[in-house]
Each structure stands twice: as structure tokens, then as C-alpha cells.
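Dear colleague,

I am passing on the structure we spoke about, and I would be grateful if you could look through it alongside the notes below.

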Amino acid sequence: MTHKIEESDLHAFVDDRLDDARAEAVMTYLEANPQEMTRVREFMEQKQLLLEGLDAIAATAANSYTDQLRDRLAGKLAGRPSFVWLRTAAAVALLIGSGWLAHMMYQTHVEEEIPNLVEDAAQVHQIFAADQNRAVEIPGSDRNELVTSFAVHLGEPVSLPDLSPIGLALVGGRLLGTEEGPLAQLIYEDGSGRRLTLCMAVQDTEAGTEVHLVEVDGLNAGYWQNGDLTYAVVAETAPEQLLSIVAEISEQKPSGHL
Amino acid sequence: MTKNALIQELTNHIVSLRRYALVLTRDRQDAEDLVQESLMRAIAAVDSWRRGSDLRAWLFRIMHNLHISNMRRLQVRGSHKQGGSSAEAAEEPSQMLRIEVRNVLAALAELPEAQRQAITLIAIEDLRYEEAAKILDIPMGTLMSRLARGREALRQSMDGRKTPTLHVIRSSR
């Protein structure tokens, strides 16, 4: 038993919006409270009936003028410019409400010195990632090898962010030596083969945990620090796109706080 | 996405919009007008849609805002139309609706508008709670309490309407 079951939990249960653990807790509660069980059953039945009723009304209402408008709208929508990563727009929209994005956007307007790591990241991106035919040192399929070899060389435990929720697949990675020490590069790719670099290094950049957005060699880059590791993301994409990618990465680190 | 794929997707969304419009207006003709006007607005405001973002949520927001401004205008004119119930609306096209379905539609039509909106968006359109709250422009807590109150009222109204079970007495002849 974790929390008390609230009325809103019962509705979220009806709408199938609870995670497994919470749904399990609600079920246990309902089994112990037959009256509540009846009520929830009636909510479910009610939902089903409403769906049936409104469906029946709406489906019969064919209208040729509505269809004309639909076709015109489809034509207009089809003409909208395409984005590099389709699903990220929605992710960005979610962030806007949190105030977090506003904070990060502010960072982009601050003039700042770009850390070496970020310049290095931009460089390795251009050399190793921009060219699709260049092979990676360690393929993305070998996650264990990537994690182990990165951790050994960086001297820090490393996790590989899963960016598949925003349509980016891990191609692979490589280790590089820079003047300031080892640099680990991960390369991700979208559905049409466009690539992104994520670099990790133990460097004293004083970046802080906030995300800084900068432009390096015509590429957009974002960097931030988490514990002893500094991260840099580089891609040929709009700053908004980059923000959503950064959000996806930082959300996956339990210790990450932006 | 090609135009044809978009037409297909929009066709599905229009069914959803029509359902929601019926719940908002409680009148078939008004509902269709609202759908058409929403589509016209969407055509005019197509630049505000970002490719890859949720098309259905965008359309719902347009319809919801349009409905609010329509209602305001009517109230200013002092001619707030008392729409028929969606159960009435349901009658001519489909006499086939089961009695329970008619009952629930009639009960829905009697709820305050705010509760009708919450119930329809979540239960019927299967929108995520966050999306529905955004469309209605209310905090999540408000959405949840409207949903809970609306469903409870509907449930009690349904309980009251329950027809006694038909008891057939075998004819002696």
C-alpha cells in the first residue's frame, strides 16, 4: 500500500491511465470495497454507452461541404514545411509549459565563451558523424562494449541514452583523445539518415547543470554538466529540436536535474 | 505526409470533432456548423500547426475556442439558444439506438456544460488528461473534479432511469 486511493485514481482506472502498480493498488481497493467496485463498473458501462451513442449520431452525419473543407485543409497541411525529427515538435510543446524551456532559451542569448569540449564535439561531429559512410568504432548493437570501454577510459560510469522515443537510433560510438583528455562520442541517426553527436568527457568546464545553447561552426550545440561528466550535443538542426533532444537525454539520468 | 494520408487522418478527426460538437451544441445542425467553421479557421490558421504535432488536439483547441466565442456572442445578444438534447438529436437518424444509449445521451445533455466537455473529451475521444486540460484551458485538478462530478451525476441519473426488468407472464392461451 503506497498512497490512499483517490477519486481521481478511480477515474484514471476507468480510462486506463494508471501504471501497472497503481492499477494493481486500485484493483485491491475495489476488491475490498464492493460498493466502489459497482460504482467503477457503472462508470465503465456509462463510458461505453456514451461512445456507442455519440458514434452512432456522428457517423450518420455525412456532409459534402464538410468534406470539401476537409480536402482543402489537407492540401494546406500537406504544404507545411517538414521538420527534421517529426516527433520532437510535440515534445517541445510540452516543455514550453514547464518554464524550463523559457529558462533555457534565455541561456541562448547570453554571450559566453565556448568550452573546448564543445568545439571538439563540433569537430568530431563533422569528421565522424556528418559522413554517413564512415564506420563507427563500436557499433550501437554492442551496448555493453560501449558502456564498458567508455567507463574505463573516462573513469566514470556512463549510460547510453535511449533516443528511440524521439525517433533517433544509436549508430555507435568511438573514443577520441583530445588535449584535455579522453572524449567519448555517441552517434545517433534519424529515419532519413541525418546524424547527431553526443559527446561525454570529464572536463572542468564549469558549465553547471543548466543547458547552454551555442552555435559552433554553423552547427547548433547544447552542453551541460552532470556530476563529473560534461555533455555536448551537436547537430545540424534548429535550436528547438536540439532542446527536445537534450530534454530526452537529461530525463533519462536519474541524477539529472536541469 | 501525403495529401491523401492527411485526408484519411482528417476524416477520422472530423468524426471526433462532430461528436464533441454535438455534445457542445446539443443540436445536429449547429454541430455541423461548428465543425465547418472550425475547419475554416484551421485552414486560415494552418501556419500555427507544426508538422508532427498532434493534429487532433490542435483541431479540438480551435473548435473549443470557437465555441466559447460563439457562446459569448449569443449571450451578449441575449438570445442564448436552448438547444435540443442530444438524445432528441439522435432520434431521427437512428431509431436503432438501444434504450440505455438513449438514456445516457439524455442524461449527458442535462449536465452543466463544463462537465459535459470534460466527460466527452476524456471518455469519448480518449484524449490524455493533460491534452484535455490544455484544450479546455483549465488546470488538471479542475479537469479531474469536473470529470468525477460529471460521471457521478450521470451514474445517479442512469440509476434513476433504469427500467424495471420486463417480467413476461406466460399467456395461458
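In this predicted model, B:Gln117, B:Ala118, B:Leu121 and B:Ile122 of helix H6(B) are in contact with B:Tyr129, B:Ala132, B:Ile135 and B:Leu136 of helix H7(B). Sorted by class, the residues of this contact are seven nonpolar and one polar, with no charged residue among them. The two helices, H6 covering residues 113-124 and H7 covering residues 129-136 of chain B, have axes that come within 10 Å and cross at roughly 140°, an angle that makes H6(B) oblique to H7(B). The crossing of H6(B) with H7(B) is right-handed.

On the H4(A) side the residues involved are A:Tyr65, A:Thr66, A:Leu69, A:Arg70, A:Arg72, A:Leu73 and A:Lys76, and they meet B:Glu32, B:Val35, B:Gln36, B:Leu39, B:Met40, B:Ala42 and B:Ile43 in H2(B). By class, this contact between H4(A) and H2(B) comprises eight nonpolar, two polar and four charged residues.

As for chain A as a whole, it contains nine helices and seven strands, and buried residues account for 35% of its 258 residues. Of the contacts in chain A between residues at least 6 apart in sequence, 60% link residues that are at least 24 apart.

Conventions. Residues are numbered from 1 along each chain as its sequence is written. Chains are lettered from A and ligands numbered from 1 in the order in which they are written. This is a predicted model: local features need pLDDT of at least 70, side-chain atom pairs count only at pLDDT 80 or more; totals for chains, interfaces and linings use all residues. Helices (H or I, at least four residues) and strands (E, at least two) are DSSP runs, numbered from the N terminus. A residue is buried if 20 or more other C-beta atoms lie within 10 Å of its own, exposed if 12 or fewer, and partly exposed in between; C-beta atoms are placed from the backbone. Two residues are in contact if their C-beta atoms, placed from the backbone, lie within 7 Å. Ala, Val, Leu, Ile, Met, Phe, Trp, Tyr, Cys and Pro count as nonpolar, Asp, Glu, Lys and Arg as charged, and the others, Gly among them, as polar. Axes are lines fitted to C-alpha atoms, for helices over the stretch in contact, and angles run from 0 to 180 degrees between N-to-C directions. Angles under 35 degrees count as roughly parallel, over 145 as roughly antiparallel, 65 to 115 as roughly perpendicular and the rest as oblique. A crossing is left-handed if the near helix is turned anticlockwise from the far one by less than a right angle, and right-handed if clockwise.
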